Amino acid sequence: MLAGLQNVTFEFGARTIVKDATWHIQPNERIGLIGYNGTGKSTLLKLFSGDYSPSEGTVERSRSTTIGYLHQDLLSFDTNGSILEVALTAFERVLQLEKEIEELGHRLEKDSENNDLLIQYTDALHEMDTLDGYTIHHRTEEILQGLGFSNADLSRPFREFSGGWRMRVLLAKMILQKPDLLLLDEPTNHMDLPSIEWLEKYLQHYQGSVVIVSHDKYFLNRMVTKIVELYQRELHVYNGNYSYYEVEKVQRVELQQRAFENQQDFIRQQERFIERFKAKASKAAAAQSVQKRLDRIERIEDVEIERPNIKINFRVDKTPGRTLATLRGATKSYGPIHILEDAFAEIDRGDKIALISANGKGKSTVLRMVAGAEPFEGERIWGHNVEESFYAQHQLEALDVNNTLIEEMQTCGSQKTDLELRVLLGCFLFSGDDVDKKIKVLSGGEKARVALAKTIVSKANFLLLDEPTNHLDMHSCDLLIDALNKYEGSFLLVSHDRYFISKTANKIWEIEDGKIREFKGTYEEWVDWKERNEAAKQAAANAAKQAGKSSPAPAPKPAGKPDPLPEPKAATPPPAPSKPAGAPINKESKKELQRQQRIFQELEEKIARLSKQRSTLEASLSDPGTYSDRSKFVAAETDYKKTSDQLAAANREYEQVFEKIMELEKAL
């Protein structure tokens, strides 16, 4: 055991966070810690880290266990050093050794015959080698780059960066320290998709145990094999990922509700018996005995409805024309940073678009360009009857700080009653007397939720949403997903929450090489297409390398309106290069080329079929019902391994055939 809670009770004043809780963390565990906002997840992490002490019980930690704790409070840390220097402080002993070795070297230059100095110098070199100290700069740069920093950023002062980027530097430092237990509180906040994907790959191979607090379901599903839920001041353990938890949670709640109701029926029966016979001399002793048994019984708690089962409803007043907005010849730069160059994009009625790319590529800028809030070279054409509502961080400045929450919501002109507005604010984590607070006393995150609630009630037929799930918990995010799926209008959103994107978008926009590339399909289909496209590019690069080229010839850039990215059904081989007029054609080679192209197409279909089959088997293996039947589990696991092997073999053959096609086309 690395660390644990043993019969721990912790209280904040009169409020109990956990009561008599026991939880042991074993080596190499991947745990997701979940619960509604305000239940005390971060408090539990602080108990493990030693920042808090329990009211009762003990927090157990092995003397040799090292703990790393990443949390939002770290943002108060400041320094004049560069981000590389901050991250390198993870190697405190190595940095100390570097100074010692340098100092001993200077002393030996003056006194080369001093054996004591020579021994100290040799010991220091040996310890440096043991600690792998000569690679710390390379390892640190690699991790910082993985988290989204460029080479030029590494020498920039830490204090120049925003809070989100500072948190990445501190995460890099923690990763480099390699603690036995890594406690991560919302690690994906402020990260772009490439950085989140890099972090996932890193954590999958991390040697220690990891406890993650996150509202990102997609991230939890990929990262954890156990869920610990803080619910009703108790810790409930689920041995599976988040999808498993969702299914199992419903079953446990139903069982608890039935047990509670059965116990209440029993208690009422006993109380009726006591009430009836306690005054009769002949039955008084029996009634008293029943009362004592009733007093000793351990009461089952009723299922708490921690959040009401309410819905968010959009209303659309007007139906817009077929095309809502068009960007034509759009060009935008910030000094040397080019966002778009002669780009085209069009939003049609019914489009639900997610705009994704790495940080710094201009997602929010493009959103503002579409909204008409950002000047640019080119043309923005607005459609007929389009009524937009724009949610972004800068919208917080438009809030009247002297209004209460309910007064601010009344300014939207939605004709909703105060009760309806209170219910809507409840969806965004404002309850009870919260609605009577002044805007000026709210935190930044609370103001963002008010601005999002105002966007929801606007009756607009076109929404522009910049990171709408920031500051929302899972329950509120699910309510927003449900509302957007029922929304009759169109929207363009920017988000790094892959679960949210996968549940809402029917198109993907990606900013690439100054253009807006459109993919018609869901996020999962886009990811599948990207993976296959990357595999094809890698195969082409390998073929070009074997042919004596350093890299494949670049594809010509499209002119004017770019075609949308192809559907993820096929990636055809490159066309054969033209042959000089009058050159003889090798008929056998041409025949072989046609045969290889047929094989290539068949392999693509086979890969698509096997990928779908493997996804089905993965879903089966994540189903708790599979594990309850051993024969069913063994069969599913065997089929999954077989399908995975077949898919790997098909991908290898796919690359080999691609290379043959390249060679034959070159020969022709």
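Why does Lys318 count as partly exposed? Lys318 counts as partly exposed because its relative accessibility is 39%; buried means under 20% relative accessible area, exposed over 50%, and partly exposed in between (1.4 Å probe, protein chains only).

Before the tour begins, please note that the model is predicted: local features need pLDDT of at least 70, side-chain atom pairs count only at pLDDT 80 or more, and totals for chains, interfaces and linings use all residues. Residues are numbered from 1 along each chain as its sequence is written, and side-chain values use heavy atoms, with hydrogens and water left out.

**Stop 1**

Glu387 lies in the loop between strand S13 (377-382) and strand S14 (388-391), and Lys318 in the loop between helix H10 (281-296) and strand S10 (323-334), so the pair ties together parts that are 69 residues apart in sequence. Helices (H or I, at least four residues) and strands (E, at least two) are DSSP runs, numbered from the N terminus. Glu387 has 28% relative accessibility and therefore counts as partly exposed.

**Stop 2: Lys226 and Glu29**

Select Lys226 next, together with Glu29. These two residues form a salt bridge whose closest N and O atoms are 2.7 Å apart. The pair links distant parts of the chain, 197 residues apart: Lys226 belongs to strand S8 (residues 226-231), whereas Glu29 is in the loop between strand S2 (15-25) and strand S3 (30-34). Both Lys226 and Glu29 are buried. In total, the structure holds 25 salt bridges.

**Stop 3: Arg156 and its neighbours**

Now select Arg156 and Asp153. A salt bridge joins them, with the closest N and O atoms 3.1 Å apart. Arg156 counts as partly exposed because its relative accessibility is 30%, while Asp153, at 15%, counts as buried.

For another charge over a ring, select Arg449, which lies over the face of Phe430 at 4.8 Å from the ring centre.

**Stop 4: tyrosine pairs**

The structure holds 12 aromatic pairs. Rings of Phe, Tyr and Trp (its six-membered ring) pair if their centres lie within 6.5 Å; planes under 30 degrees apart count as stacked, over 60 as edge-to-face and the rest as tilted. Select Tyr202 and Tyr206: their ring centres are 6.2 Å apart and their planes at 45°, so the pair is tilted. Tyr202 is partly exposed, with a relative accessible area of 21%, whereas Tyr206, at 7%, counts as buried.

Then move to Tyr238 and Tyr245. This pair is edge-to-face, 4.9 Å centre to centre with 90° between the planes, and both residues are buried.

**Stop 5**

Finally, select strand S1 (residues 3-12) and strand S2. The two strands run antiparallel and are joined by 7 bridges; pairing requires that DSSP finds at least two. Leu5 stands opposite Trp23 in S2. S1 and S2 form a hairpin with 2 residues between them, and Gly13 in the turn has a positive phi of about 60°.

How values were computed: A salt bridge is a side-chain nitrogen of Lys or Arg within 4 Å of a carboxyl oxygen of Asp or Glu. A charge sits over a ring if NZ of Lys or CZ of Arg is within 6 Å of the ring centre and within 35 degrees of the ring normal.
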